Amino acid sequence: MSTLRFHAIKESLKRKPVVIEEKQRRSEIFGSNVFNESTMRQYLTKEAFESVNDAIKLGKKIDRIVADHISTGMKEWAISKGATHYTHWFQPLTGATAEKHDAFFETIGGGLAIEKFGGGQLVQQEPDASSFPNGGIRNTFEARGYTAWDPTSPAFIYGTTLCIPTVFVSYTGEALDYKTPLLRALQAVDSAAVAVCKYFDKNVKKVNASLGWEQEYFLIDRDLAMSRPDIVQTGRTLLGHSPAKGQQLDDHYFGTIPNRAMAFMRDLETECMLLGIPVKTRHNEVAPNQFELAPIYDEANLAVDHNSLLMDVMDKISDRHNFKVLFHEKPFAGVNGSGKHNNWSLSTDTGVNLLGPGKTPMSNLQFLTFFINTIKAVYDNEELLRAAIASASNDHRLGANEAPPAIISVFIGDQLTKTLNELENVTDGKLSPEEKTDLKLNVVGKIPDVLLDNTDRNRTSPFAFTGNKFEFRAVGSTANCANPMTVLNSIVAKQLIDFKNEVDALIDKKDMKKDDAIFNVLREYIKQSKNILFEGNGYGEAWEKEAKKRGLSNNKTTPEALKAKVSKKTLELFEDLGVMNKVESEARYEIEMEEYVLRIQIESRVIGDIARNHVVPTAVRYQNVLIKNVKGLKEIYGADFKKLAKEQLNLIEEISEHIASINSNVTKMTEARKKSNKDENIETKALAYCNKVKPLFDDIRYHCDKLELLVDDELWPLTKYRELLFTK
Ligand code: ADP
Ligand code: MG
């Protein structure tokens, strides 16, 4: 009997939900481990508090002396909450969060010690971070990188550590993390959007991008998950036959949440409350043992930090509940994968959601301005947007007939389609008073009513307008949202700058009224970007053909998709906006291509190992049982044995054929890998891994999965899909 699998099953059957007690209301504990406004008022001098506030709201620099005051206050607060250590908490390009803890504790001679935390330690540190990916920016001789405090994301206490969100940049100032370009992109979209807002309201001083992510994940019993070498090493199953019952009956989606999962969620939500992560929604997803969690949206930088933190917290809490959380986009073949919808919008410091239709024709014209500019930005940069969500794991979703396709398109619904069609016919040049009245009353003025009953929500669209925000659905569940958010906010910033220039030119040179100019520019945008709008079924083959005709890209794999990150257009876009210079863009491209290769390489090694060292020996063992049986029959029945042993003999042969195929494919795969590894060029190497190595996974898997159906269940060493997916 295969011991690990059956031991794991036995353990998993003993589980009981962990008892979770919630003694306080959530609203009472919300943010109590965060150095937020109310805590700052308590622990900081007035001057220090105002300085932090100015840094958050106006981007002002914090004076070094004031930083000392702030760090003292922060330390007092943290120690009062039981913290013993502090860390700069950042998001290097590994995708995970990074931390290096230092104790507050310091000796002062004479056998004495104190707790110390100065402004210098708060503001900037130099971790020896030479082992983080840097795409050649920092060679090991110049291994210094700085982490620098980001006051716009508040410090928090996790466990017994004070965590200070920071950016991570190289000695020469290049970004080595996800946060730095995001902050620059948010600044770019802020100033570009404020300038456009001034057409409608002179009082607007700041525009914030908002983000509400929806995190999908699987919860698998820990022992069962740990019994699978592929899950342990790659986060997904590389083989395994589909169970008879998968998700066909749709009986999991929105069903009652299983008890153990519920205990996990409540525990997690409590921790989220303490950390100020405003989680609100929880439910079962489509696949068995798949769930979703969503917060109330927040300012984008904070929301990105919250999501990164959440993934880490989920991992830790799941341990307490004997679960393993799988964030992988496609942990199981044959059932749905996981994504991370990014709900995005822009809102002003005067409290207006720029993607929410308003109550007056004027506010609706503002809405349409931002709405149409976003569509235009997506149209002009669809390949870059696709690149922003590319990863080895997300390739399993995009273009794989579930989740959004690899083709980027925008869904806006019937009513807004009609509105755009009407705006497309606006007069070229100055508008007559009658036309303007008509537009105000019948086109622009009508939007709020129609949107309220706009319930058609196309689930197959990668980028959909959902009433008062766009929902970027193609983002992968393992992704750091900073990457897509940097791209989205940058392309919209660029678009808004262009828009402002065009409108101003019409006002100045053609003597148009502001409204006329806006209508004129929007009309052209609608005409130009029509091809990105698609309301039909995004999974269908018909759309693939249609999209091709329209000239939209369909980059199905990561190496193809990532190229857009270093196109001339992209390099210029980021450079002009000050989001990333050429070196930074190229470094990221290199890092992501390299990561792609490494991920496929690891998967390839693991599947080779499992196939050769787990599956084949098991098949041989079972074959020997059959051979013994056949020999026994022969012994008893003599020449007649063949009639009785017919099925066994067939099975023996079938097993041999599968074994032969597995072995030859594993050999082929190893050869392909060896050859690719010699390639010094990251582009051709990634393509080889994609087109030569990875396709062999399917062949190997096919034969292994067939054997799973043939071999005695008692002998099979790998925990099966039905056990992984249906143990609750
Ligand atoms: P679903 O798409 O699953 O039906 P909702 O559309 O209600 O769920 O909300 C999904 C997410 O969108 C939530 O995190 C919510 O806070 C967020 N959201 C709502 N309004 C905005 C907005 N203006 N900007 C960004 N995110 C938003
Ligand atoms: Mg949604």
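These legends walk you through several close-up views of a predicted model.

**View 1. Three domains along one protein chain.** Start here to get your bearings in this predicted structure. The domain assignment places domain 1 at residues 31-177 and domain 2 at residues 186-580. Domain 3 covers residues 595-726 in that assignment. Taken over C-alpha atoms, the centres of domain 1 and domain 2 are 31 Å apart.

**View 2. Where domain 1 meets domain 2.** On the domain 1 side, 17 residues take part in the contact, and domain 2 brings 16 residues. Together the two domains bury about 1,300 Å² between them, with carbon and sulfur atoms giving 51% of that area. Look for Trp-89, Gln-91 and Tyr-158: these residues supply 39% of the area that domain 1 buries against domain 2, more than any other three residues. Which kinds of contact cross this interface? Nine residue pairs are in polar contact between domain 1 and domain 2, while the count of salt bridges there is zero. Strand S7 (residues 156-158) contributes three residues to the domain 1 side, the largest share. Sorted by class, the domain 1 side that touches domain 2 holds seven nonpolar, seven polar and three charged residues.

View 3. Is Thr-727 buried or exposed? Thr-727 has 14% relative accessibility, so it counts as buried. Its neighbours, leaving aside residues up to four places away in sequence, are Ser-12, Asp-221, Leu-224, Asn-289 and Arg-722. The side chain of Thr-727 also reaches the backbone oxygen of Glu-723, at 2.5 Å.

**View 4. A salt bridge between Glu-269 and Arg-282.** The structure holds 46 salt bridges, and this is one to explore up close. The closest N and O atoms of Glu-269 and Arg-282 are 2.8 Å apart. Glu-269 counts as buried because its relative accessibility is 5%. Arg-282 has 30% relative accessibility, so this residue counts as partly exposed.

**View 5. Glu-424 and Lys-530 join two loops.** Here the side chains of Glu-424 and Lys-530 meet in a salt bridge, at 2.9 Å from N to O. Glu-424 belongs to the loop between helix H14 (414-423) and helix H15 (433-444), and Lys-530 to the loop between helix H18 (514-529) and helix H19 (541-549), so the pair ties together parts that are 106 residues apart in sequence. With a relative accessible area of 17%, Glu-424 is buried, whereas Lys-530, at 35% relative accessibility, counts as partly exposed.

**View 6. Glu-544 and Lys-556 around helix H19.** The salt bridge between these side chains has an N to O distance of 3.3 Å. Glu-544 is in helix H19, and Lys-556 is in the loop between H19 and helix H20 (558-562), 12 residues apart. Glu-544 is partly exposed, with a relative accessible area of 33%. Lys-556 counts as partly exposed at 32% relative accessibility.

**View 7. A network of salt bridges.** To finish, find Arg-5, Asp-713, Lys-720, Arg-722 and Glu-723, which are joined into one network by salt bridges that share partners.

Technical notes: Residues are numbered from 1 along each chain as its sequence is written. Chains are lettered from A and ligands numbered from 1 in the order in which they are written. This is a predicted model: local features need pLDDT of at least 70, side-chain atom pairs count only at pLDDT 80 or more; totals for chains, interfaces and linings use all residues. Side-chain values use heavy atoms; hydrogens and water are left out. Domain bounds come from an automatic or database domain assignment. Contact means heavy atoms within 4.5 Å. Buried area is the accessible area (1.4 Å probe) that two parts lose on being put together, summed over both. A salt bridge is a side-chain nitrogen of Lys or Arg within 4 Å of a carboxyl oxygen of Asp or Glu. A polar contact is a pair of N or O atoms within 3.5 Å; within protein, one must be able to donate a hydrogen and the other to accept it, and residues adjacent in sequence count only if both atoms are side-chain atoms. Helices (H or I, at least four residues) and strands (E, at least two) are DSSP runs, numbered from the N terminus. Ala, Val, Leu, Ile, Met, Phe, Trp, Tyr, Cys and Pro count as nonpolar, Asp, Glu, Lys and Arg as charged, and the others, Gly among them, as polar. Buried means under 20% relative accessible area, exposed over 50%, partly exposed in between (1.4 Å probe, protein chains only).
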